[in-house]
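User: I have a structure open and want to go through a few spots in it. Can we begin with the contacts of one residue?

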Amino acid sequence: MSQPRVEPAPPDAPAVAVLAGDPRIGASAAAAAATLGWRIVVVNAGLRERFRRPVVRGGGLDLVAMLVDLRPALLLIELDAPSSGWERIVTAAKTDPATRRIPILGIGSDEPAFRAGALAAGCDAVMTMEAFGADAVESLRRSARIDDAAELARQSALPLPEAARRAVAEFNAGDYFE
């Protein structure tokens, strides 16, 4: 079984999953990720090799499974490819509990109705190829969701607020019915 092509970077570096047929998108993303010290994972190549059929088999669920495994900081997806089925892919990624928090940056038309449709489907942001190529580093930095493990551990160690402790005590005592 073939795996997605991953560019060299530290294994704990944030990953950007790229699903695009236009080589300019992948090249701009790879250069920007290298500048940031992030990894690029080209998921469309891996999915096509793995499943020997279109990426959207099962309504995009193959991509969702791959995103669960990769845990990327961002999904960068080309919206202008007419046969890509991006609407199903974006919707599948945003409606699955395991992947819905992954930001999706769509690269496509700046036509208002198209942009509105992409945002309604679940893209967190939409920009043209020209805008992305002009400042890909800042576009990735602004769009990605980077988890800070140390900060998460610090916040998890904080005590619960008094109201939360009271609510837990009431729930545990069975005081949740009126």
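Analyst: Start at Thr99: beyond its neighbours within four places in sequence, Thr99 is in contact (heavy atoms within 4.5 Å) with Val64, Leu67, Val68, Ala92 and Ala93. The model is a predicted one, where local features need pLDDT of at least 70, side-chain atom pairs count only at pLDDT 80 or more, and totals for chains, interfaces and linings use all residues. Residues are numbered from 1 along each chain as its sequence is written, and side-chain values use heavy atoms, with hydrogens and water left out.

User: Where does Thr99 lie? And is Thr99 buried or exposed?

Analyst: Thr99 lies in the loop between α4 and β5 (104-107). Helices (H or I, at least four residues) and strands (E, at least two) are DSSP runs, numbered from the N terminus. Thr99 has a relative accessible area of 1%, so Thr99 is buried. The classes are buried under 20% relative accessible area, exposed over 50% and partly exposed in between, with a 1.4 Å probe and protein chains only.

User: What about Lys94, buried or exposed?

Analyst: Lys94 sits in helix α4 and counts as buried because its relative accessibility is 19%. Leaving aside neighbours within four places in sequence, Lys94 is in contact with Arg100, Ile102, Pro103, Ile104, Gly122 and Asp124.

User: How do α4 and α5 pack?

Analyst: Helix α4 (residues 86-95) and helix α5 (residues 112-121) pack at about 35 degrees, with axes 8 Å apart. Axes are lines fitted to C-alpha atoms, for helices over the stretch in contact, and angles run from 0 to 180 degrees between N-to-C directions.

User: Which residues meet there?

Analyst: From α4, Trp86, Val90 and Thr91 meet Phe114, Gly117, Ala118 and Ala121 of α5. That contact has five nonpolar residues, two polar and no charged. Ala, Val, Leu, Ile, Met, Phe, Trp, Tyr, Cys and Pro count as nonpolar, Asp, Glu, Lys and Arg as charged, and the others, Gly among them, as polar.

User: Change of topic. What is the volume of the largest pocket?

Analyst: About 470 Å³. On a 1 Å grid over the protein atoms alone, a pocket is an open set of points where a 1.4 Å probe fits, with protein on both sides within 12 Å along at least five of seven lines; lining residues have an atom within 4 Å of a point. Points are joined across faces, edges and corners, and the volume is the space filled by probe spheres set on them.

User: Which residues line the largest pocket?

Analyst: There are 21 lining residues, and Arg71, Pro72, Ala73, Arg145 and Asp147 lie nearest the centre. By class, the lining has 13 nonpolar, one polar and seven charged residues. Helix α3 (residues 61-70) gives the most, with three residues.

User: What is phi of Arg71?

Analyst: Near 50 degrees, a positive value in a residue other than glycine. Most residues other than glycine have a negative phi. Arg71 is in the loop between α3 and β4 (74-78) and counts as exposed because its relative accessibility is 67%.

User: And Ala65?

Analyst: Ala65 lies in helix α3 and is partly exposed at 36% relative accessibility.
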